[in-house]
Amino acid sequence: MEQTPPSILIVEDSQVLREVYSGYLATEPYRVAAVETGAEALAALARHPPHAMLLDLRLPDMDGMEILRHVGAQRLPTAVVIITGHGSVDLAVDAMREGAFDFIEKPFNARRLRVTLRNALERQRLSSLLDSIQETFDRDRYHGFIGASLAMQAVYRVIDSAAASKATIFITGESGTGKEVCAEAIHRQGPRREAPFIALNCGAIPHDLMESEIFGHVRGAFTGAARDRVGAAGQADGGTLFLDEIGEMDLDLQTKLLRFVQTGSFQRVGSTRQEAVDVRFVCATNRDPLKEVAAGRFREDLYYRLHVIPIELPPLRARQDDILLLAEHFLQGFAAEEGKAFQRFAPATAALLRDYHWPGNVRQLQNVIRNVVVLHQGETVDPEMLPPPLSEHLITPPRTPLTEPTQPAPTTAAPPTTPPTPGIQPLWRVEREAIERAIAHCDGNIPRAAALLEVSPSTLYRKRQAWQSGEG
């Protein structure tokens, strides 16, 4: 795809100089526009901010600094180069403090202008790229998802790219990984966000009612059909139809679904009339769809019709850095809901949560935190409050048999100490100070501090627990 050339706006009240500067840039791959007044410059900025602006501070209707401040206040993606007269360098320096990229002192030649604008445009490009990277890779919340791990950032990027399309999305992942959350995120991120989002769990509906649930029925179609009913397909017209656990669907109904996906039309149960709808399909399963196809339980042609854009949700054990982020979110929500005072996890509790393998994924973590909040009191979640199976991972000291008298532990002579060398501290103290400094720098966020120190968060939790218990 051919890229649009960078746009340059020249703001200069002298017609002669406007023509000179435009001539300097005639051989450059830019789209150049020129205006005479500050008002015209503000109007041009409002219509379409240029990539770079050549700004004279002496304008007939306003001070050019006002325009510079406007660019900064509106956070416009425009690099500003100031034109200043001889003896006005101090004013240009003030402009640099206000956010100008550079200044050029009159008179200047074509080469000076071209080099300065090239540098300004490159700086603006890198700044925009950095903003884009930070926006894309530094999200810990996304349309109902909670997670800042690389695995979740990859999911967010796929949703960003696919949401605007009508292409069918096939979500896979273990039970409890958030497949319906993912489907809703796709809907909310796309242009259908104001239209209906209809979710249907194919595994929770009796097989003999599934066709009616999807396509609807007319009155008298079967025993108990006392009136016409609009199914999920009709309700989702203009919006998104999410078919969860699609692998549970009967093969006969899969044939009808295939026709619906191909044509966008269907018949209600008991009707002979075709109905057409505009639906975006999202489906999900916790099974391996290719194994289901190989076993003959899922139609191969339907699989390839639906499997256009795959999204695989990672299990919680593959996004270890998100466990405490999720746990803290659930703790705050359930504590408020139950009127409890819980605010934090003890370091040992946090280490247990992070190191557990979570076979039930996010749903299991959610249930564990709710169990703690409902059954216990306090501000800190201690390890003893965790329910099974996490409580089985607690380390309890061995009990001393009552039949054996306890013997005093043999004493060993303390090693002779030598006076510390000035400027040298014990290694354990240096390590502790470094860790505490990193945690303070991250406002108490231990996973983030661990990332800065390039160690596992569980390492920091264990060390802090040891310090608090006086072991080191």
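**Entry 1: an arginine and its partner**

I looked up R317 and found it partly exposed, with a relative accessible area of 43%. Buried means under 20% relative accessible area, exposed over 50%, and partly exposed in between (1.4 Å probe, protein chains only). The model is a predicted one, in which local features need pLDDT of at least 70, side-chain atom pairs count only at pLDDT 80 or more, and totals for chains, interfaces and linings use all residues. Residues are numbered from 1 along each chain as its sequence is written, and side-chain values use heavy atoms, with hydrogens and water left out.

I then asked which residue forms a salt bridge with R317. The partner is E174, and the closest N and O atoms are 2.4 Å apart. A salt bridge is a side-chain nitrogen of Lys or Arg within 4 Å of a carboxyl oxygen of Asp or Glu. R317 lies in the loop between β16 (309–312) and α13, and E174 in the loop between β8 (169–172) and α7 (179–189), so the pair ties together parts 143 residues apart in sequence. Helices (H or I, at least four residues) and strands (E, at least two) are DSSP runs, numbered from the N terminus. E174 is also partly exposed, at 28% relative accessibility.

**Entry 2: further salt bridges**

I noted a count of 25 salt bridges. One of them joins R319 to D322, with the closest N and O atoms 3.0 Å apart. Are R319 and D322 buried or exposed? I found both R319 and D322 buried.

I next examined the salt bridge between the side chains of R370 and E338, at 3.8 Å from N to O. This pair links distant parts of the chain, since R370 is in helix α15 (residues 361–375) and E338 in helix α13, 32 residues apart. R370 is partly exposed at 30% relative accessible area, and E338 is partly exposed at 34%. I also recorded one network, in which salt bridges that share partners join E248, R287, E292 and R297.

**Entry 3: the pockets**

Rolling a probe the size of a water molecule over the atoms shows where empty space is left. On a 1 Å grid over the protein atoms alone, a pocket is an open set of points where a 1.4 Å probe fits, with protein on both sides within 12 Å along at least five of seven lines; lining residues have an atom within 4 Å of a point. A volume is the space filled by probe spheres set on the points, which are joined across faces, edges and corners.

I read a volume of about 850 Å³ for the largest pocket. Its lining has 36 residues, and D321, L325, N445, P447 and R448 lie nearest the centre. Which element gives the most to this lining? Helix α13 does, with 5 residues. By class, the lining has 17 nonpolar, 7 polar and 12 charged residues. Ala, Val, Leu, Ile, Met, Phe, Trp, Tyr, Cys and Pro count as nonpolar, Asp, Glu, Lys and Arg as charged, and the others, Gly among them, as polar.

The second largest pocket has a volume of about 490 Å³. Of its 18 lining residues, L76, P77, T78, Q124 and S127 are the closest to the centre. Helix α5 supplies the largest share of this lining, 5 residues.

**Entry 4: a sheet**

I traced an open sheet of 5 strands in the order β2-β1-β3-β4-β5, with parallel pairing. Two strands pair if DSSP finds at least two bridges between them. The edge strands are β2 (31–35) and β5 (102–105), each pairing on one side only. Strand β3 (residues 52–56) and β4 pair over 5 bridges. L54 has V81, in β4, as its bridge partner.
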